[in-house]
Each structure stands twice: as C-alpha cells, then as structure tokens.
Amino acid sequence: MGGVAGSARDEEAIGAVLTRLAQAFASLSADGVAELYTADADWTNAFGTSRTGGAQIAAYLADLFADPHFAAGRPLGPPQVELRRPSADVAVVKTCLEREGQQRADGSTMPVRRNFSLKVLVRQPDGWKITSDMYMDARDDSTLPGRS
C-alpha cells in the first residue's frame with residue numbers, strides 16, 4: 001500500500017483494519033467485525049444486500065459465515081490492495097480477491113468469483129474505521145462492442 005497524504009503509522013493502522021476483516025472472512029468468524037466499522041457505516045455485498053452500522057454488518061456476516069454454501073468457497077490467494085489517501089483523515093481502499101468453490105443457495109457451485117470491494121475508511125478518535133464498504137463481482141460481459 002502506498003499513499004500521498006498521511007503517515008506510515010496511519011497506513012499501518014489502516015492495514016491492520018483490513019487484515020482483521022480479511023481474517024474474519026478466512027476464519028469464517030465475525031467476532032470483532034463490528035468494531036471495524038463506524039456505527040453508521042453502509043455496507044452492500046455483490047448480491048445487493050445492504051446493512052447499516054457495524055452491529056448489523058457483523059450480524060449479517062455471522063449468518064453468512066455459518067452458511068455451508070458460502071463456507072464451501074476459499075480464496076485463491078491474498079487480496080490485491082490499492083490505497084488512496086484523498087485527505088489525512090480519509091482512506092479509500094480498492095481490493096480484489098478471487099474465490100473458488102462458493103455455492104449458490106441451491107448447492108450448485110459458482111464459477112471462480114473475482115470479487116472487488118471499495119472501502120472508505122475514516123479516522124475516528126478510537127482509530128481507523130470503515131464507513132462505507134461495497135462489493136461487486138467482475139463479469140466477462142461487455143457493454144461496448146469489442147471491449148471488455
């Protein structure tokens with residue numbers, strides 16, 4: 001991760017938030033996830049489910065992680081991460097993670113998912129928190145002829 005505004009200490013703290021979130025997904029445990037988000041954070045997954053606030057997000061993730069269809073999948077490697085610092089108190093993080101083996105609700109296996117997220121983190125008195133988090137899956141279709 002690199003940035004224009006902010007200190008190495010800030011980037012380390014932001015990285016720690018992202019690592020804790022990645023560990024929650026890897027371990028399928030939502031313990032401690034609520035404290036990574038602001039009380040009014042907005043979160044939307046790749047399927048259009050939205051939640052507001054750290055407590056709602058953590059509760060949704062606890063249910064998701066307990067679902068055997070989601071738990072069947074696994075990351076193909078570590079996420080790719082890009083950090084941008086538009087100001088000293090804001091960080092924008094783009095991630096990409098490939099995941100294989102995840103199942104649909106009917107038990108059929110999804111193709112490898114190329115899942116992107118865009119996270120906005122803000123400096124709070126008690127540290128860096130995610131205030132907005134949106135996920136999307138890359139698709140191979142194109143809206144322009146001859147382009148992807």
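## Helix α1 and its cover

Contact here means heavy atoms within 4.5 Å of each other. Keep that in mind for helix α1 in this predicted model: its buried residues are covered by a set of elements that includes β1 (37–44), α2 (54–66), β4 (80–87), β5 (90–100), β6 (113–124) and β7 (127–137). The residues being covered are D10, E11, I14, G15, V17, L18, L21 and A24.

As for the helix itself, α1 runs over residues 8–27, 20 residues in total. From first C-alpha to last it reaches 28 Å, close to the 28 Å you'd expect at 1.5 Å a residue. Just past its end, L28 takes a positive phi of about 55 degrees.

The model has 8 salt bridges. One of them pairs R123 with D89, with the closest N and O atoms 2.5 Å apart. That one joins distant parts of the chain: R123 sits in strand β6 and D89 in the loop between β4 and β5, 34 residues away. R123 is partly exposed at 34% relative accessibility, and D89 is partly exposed too, at 40%.

There's a link back to the helix here.

## Two more pairs

K119 bridges to D133, the closest N and O atoms being 2.8 Å apart. K119 is in strand β6 and D133 in strand β7, so this pair ties together parts 14 residues apart in sequence. Both K119 and D133 are buried.

K129 and D126 make another salt bridge, at 3.4 Å between the closest N and O atoms. Here K129 is buried at 12% relative accessible area, while D126 is exposed at 60%.

Terms used
Residues numbered from 1 in each chain as written. Predicted model: local features only at pLDDT ≥ 70, side-chain atom pairs only at ≥ 80, totals over all residues. Heavy atoms only, no water. Helix = DSSP H or I, 4+ residues; strand = E, 2+ residues; numbered from the N terminus. Expected span 1.5 Å × (residues − 1). Buried < 20%, exposed > 50% of the residue type's maximum accessible area, 1.4 Å probe, protein only. Salt bridge = Lys/Arg side-chain N within 4 Å of Asp/Glu carboxyl O.
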